[in-house]
Amino acid sequence: MTSLSIEVNGRPIDAEVEPRQSLADFLREELLLTGTHLGCEHGVCGACTVLVDGAPARSCIAFPVMLEGSKITTIEGLIDDPVMLELRAAFTREHALQCGFCTPGMLVMARDIVLRRPGLDEAAIRHELAGNLCRCTGYAGIVMAIQQVAAARANEAPVVTRGALTPPPSYASPLTLPVAPSRAVAPSPAPVNTPAEAIEAAPPVPELLRNPVEITEEFDVAAPRPTVWALFQDPARVIACLPGAQLTEPSDGNMIRAKMVVKLGPMQAAFGGLGVIVTDPAAWSGTIHGRGVDEKSATRVQARLIYRLEEQGENLTRVRVDVAYVLQGPLAQMSRGAIARDLAARLTATFAANLDRALQGGEVVAEAAPLDAGGLFLAMLKGWLARLFGRRGA
């Protein structure tokens, strides 16, 4: 058992928990907060969505032992929330529930949507809500209710009437990645083929979509900065160092087409798409703009990666990587919170080790195994427990 101190719905909680107990089970069985429903228990359906430090998270794949000091808000904790009151009224008005099983998770996610992106249109709401499944197929009423509240919060009179909804867009091609239009977001341009147009089509993520996930990692490589720089100018060698990544076509100047396989428990996503590389030799830095899609789940990713090489000594180079990305679709909620950042740290560590081997041997390393979130989670848990007991023993 592990001691835990968290806050749930504004109330401090001190408890002893099993390391493998999920947050959903802890909330339902220990705190009797049964408004959080369990559906697939694999992080797919969204029925168990709660807020962790203000951001939606799947409680069936979150673990209390990793949430020390966090603030958890369940559907019960939002009973008097002004936005939730508006949503509940809209859900009732538009008959946006049938059996009601998915409704708590839908409402929690809907609140996040209207707070982050007020004034969204119907297509953009469908994108944002793609990670929450309704077993009764009641999406029309749900989307309409959310759109009314989103419009009202943007000081716009709702203009949606029943029957006005259109089918969601399809994503047949990995390079066809439309962004639903709204008051602040312009439609994505059509796929292009020249480097200059591709750069224009992939602006920095914070300018393209609101609230990207931003992660910064750095590591040291035992090689002179010019040597590391030379490797970074060879996309094939760099991608070979990334777990689960590979080029799908030979690189064409500063454009690359690649795919990356990520295993998320029972699910496997294969993101394929286009990247554009822009380098600044004077600053020993480069920027990669990328966009891709997993055709099975229709989850889309848009990202910007900036790397900088800093000289630490004659044979030592520090690599700093700043990543900003946005996921849209069924896997979107898995990209938020501490778990996503810990996964990024493990991925960076694997990339750094492969990079070291590539520089020492002078050859491109063999293709790395796919990034397995299950295996990385076990490593994360071991690391967290080691840090916890290390602090107690200090």
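Two strands are taken to pair where DSSP finds at least two bridges between them. On this basis, in the predicted model, 5 strands form an open sheet of mixed pairing, arranged in the order β2-β1-β5-β3-β4. The edge positions are held by β2 (11–17) and β4 (55–58), each of which has a single partner strand, so that one side of each is left without a neighbour in the sheet. On average, and with direction ignored, neighbouring strands of this sheet are turned by 40 degrees against each other.

Within the sheet, strand β1 (residues 2–8) and strand β5 (residues 71–73) run parallel and are joined by 2 bridges; E7 has K71, in β5, as its bridge partner. Helix α3 (residues 103–116) lies across β3 (49–52) and β4, and runs at about 45 degrees to β3.

The largest nonpolar core comprises 28 residues, of which L87, F91, M106, L129, I142 and I146 touch the most other members. At least two residues of this core are supplied by each of α2 (82–93), α3, α4 (122–128) and α5 (139–153), and α3 gives the most, with 7 residues. For F91, when residues up to four places away in sequence are not counted, the residues touched are A96, L97, T103, M106, L107, I142, A145 and I146.

Terms used:
Residues are numbered from 1 along each chain as its sequence is written. This is a predicted model: local features need pLDDT of at least 70, side-chain atom pairs count only at pLDDT 80 or more; totals for chains, interfaces and linings use all residues. Side-chain values use heavy atoms; hydrogens and water are left out. Helices (H or I, at least four residues) and strands (E, at least two) are DSSP runs, numbered from the N terminus. Axes are lines fitted to C-alpha atoms, for helices over the stretch in contact, and angles run from 0 to 180 degrees between N-to-C directions. Contact means heavy atoms within 4.5 Å. A nonpolar core is a set of buried Ala, Val, Leu, Ile, Met, Phe, Trp, Tyr and Cys residues joined through side-chain atoms within 4.5 Å. Buried means under 20% relative accessible area, exposed over 50%, partly exposed in between (1.4 Å probe, protein chains only).
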